[in-house]
Amino acid sequence: TDSVQSFIKAKRKIGLRERSLTDLATSLRNFCATKAGSLVHNIKTPHIERFLDDRDVGPKRRNVLRGNLINFFNWAVASGLAGDNPALSVDRAIEDDAPIRVLQPAQARELLRTAIRVDARTVPYFALALFCGIRPAEAMALCWEDICLERRTVHVSPQKSKTRQNRFVTLPENALAWLGLGGELPCSFVRCRFKRFIRPRLSFAWSQDVMRHSFASYHLALHESADKTALEMGHRDTQMLFRHYRELVTKENANDFK
């Protein structure tokens, strides 16, 4: 545990964000709990494989945990605490592309109307994620000062951007209309509030990243420009758009969504 604390301190020093630090610390403390009293240089590949097998998680999360352990042991080797990195010998899990789900226009309306009825403070968060394609973690960090209604833009600064890059996102008419109803920015504890109060009242099943997937699909169908959609979403290129979002929705549906 002392090694983990030193590792987290080193990562914080170079500017790793608190959310990433928390995930690293949680993963490593769980691993330490299974190897209580073991010195770092005594950890071998089978120990790591057994830990990952016992987690009972999907391929994507398994690979995240593996990556966290690789990160830690790389640091341990550089710090002289270990002679090699046993996590590197653990094979990556194969991740099949999960089917992309999007909200139908009626479902998007239901989400926002439920938010207004149950917890109106959350409306700006949902409007920014649904109609501007802003990542949930970015939307949670935004303040009203980041929004310019006159220029119809949202400023996602490097401090709030997942990619640490500056970008301005366009505010379409539907986003402007919903933002005009007011609400809370930054929206504190929005995930907990959504899970507890809003999601149970929805008539449809929720899936991870469905708001960003919806924005990408409808924006691409409406504007017919992968470059423009990628720019709004903060993607480096259009490869992901072509791989996941082409022909998911019709232009008629996109007109209804806007």
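Glu 95 is partly exposed, with a relative accessible area of 36%, on a scale where buried means under 20%, exposed over 50% and partly exposed in between (1.4 Å probe, protein chains only). The model is predicted, so that local features need a pLDDT of at least 70 and side-chain atom pairs count only at pLDDT 80 or more, while totals for chains, interfaces and linings use all residues. Residues are numbered from 1 along each chain as its sequence is written, and side-chain values use heavy atoms, with hydrogens and water left out.

The side chain of Glu 95 meets that of Arg 92 in a salt bridge, a term that here requires a side-chain nitrogen of Lys or Arg within 4 Å of a carboxyl oxygen of Asp or Glu. Arg 92 is exposed, its relative accessible area being 51%. Across the whole structure, 13 salt bridges are found, and the table gives some of them.

| Salt bridge | Closest N to O distance |
|---|---|
| Asp 53 and Arg 62 | 3.0 Å |
| Lys 251 and Glu 224 | 3.7 Å |

The salt bridge between Lys 251 and Glu 224 ties together parts that are 27 residues apart in sequence, because Lys 251 lies in helix H13 and Glu 224 in the loop between H10 and helix H11 (226-233). Helices (H or I, at least four residues) and strands (E, at least two) are DSSP runs, numbered from the N terminus. Lys 251 counts as partly exposed at 34% relative accessibility, whereas Glu 224 is exposed at 61%. Glu 224 also has a positive phi of about 55°, although it is not a glycine. Elsewhere, Asp 119, Arg 121, Glu 184 and Arg 193 are linked in a network of salt bridges.

The structure holds 11 aromatic pairs, counted when ring centres of Phe, Tyr and Trp (its six-membered ring) lie within 6.5 Å, with planes under 30 degrees apart taken as stacked, over 60 as edge-to-face and the rest as tilted. Tyr 218 and Phe 257 form a stacked pair, because their ring centres are 4.1 Å apart and their planes are at 10°. This pair links distant parts of the chain, with Tyr 218 in helix H10 (residues 210-223) and Phe 257 in helix H13 (residues 251-257), 39 residues apart.

The strands form an open, antiparallel sheet of three in the order E1-E2-E3, where two strands pair if DSSP finds at least two bridges between them. Its edges are strand E1 (147-148) and strand E3 (167-170), each of which pairs on one side only. Strand E2 (residues 153-156) pairs with E3 over four bridges in the antiparallel sense, and His 155 has Phe 168 in E3 as its bridge partner.

Two further backbone features lie in loops. Asp 56, in the loop between helix H3 (45-54) and helix H4 (59-78), has a phi near 55°, a positive value in a residue other than glycine, and is exposed with a relative accessible area of 73%. The peptide bond from Leu 185 to Pro 186 is cis, with omega near -5°, and Pro 186 sits in the loop between helix H8 (173-179) and helix H9 (190-198).
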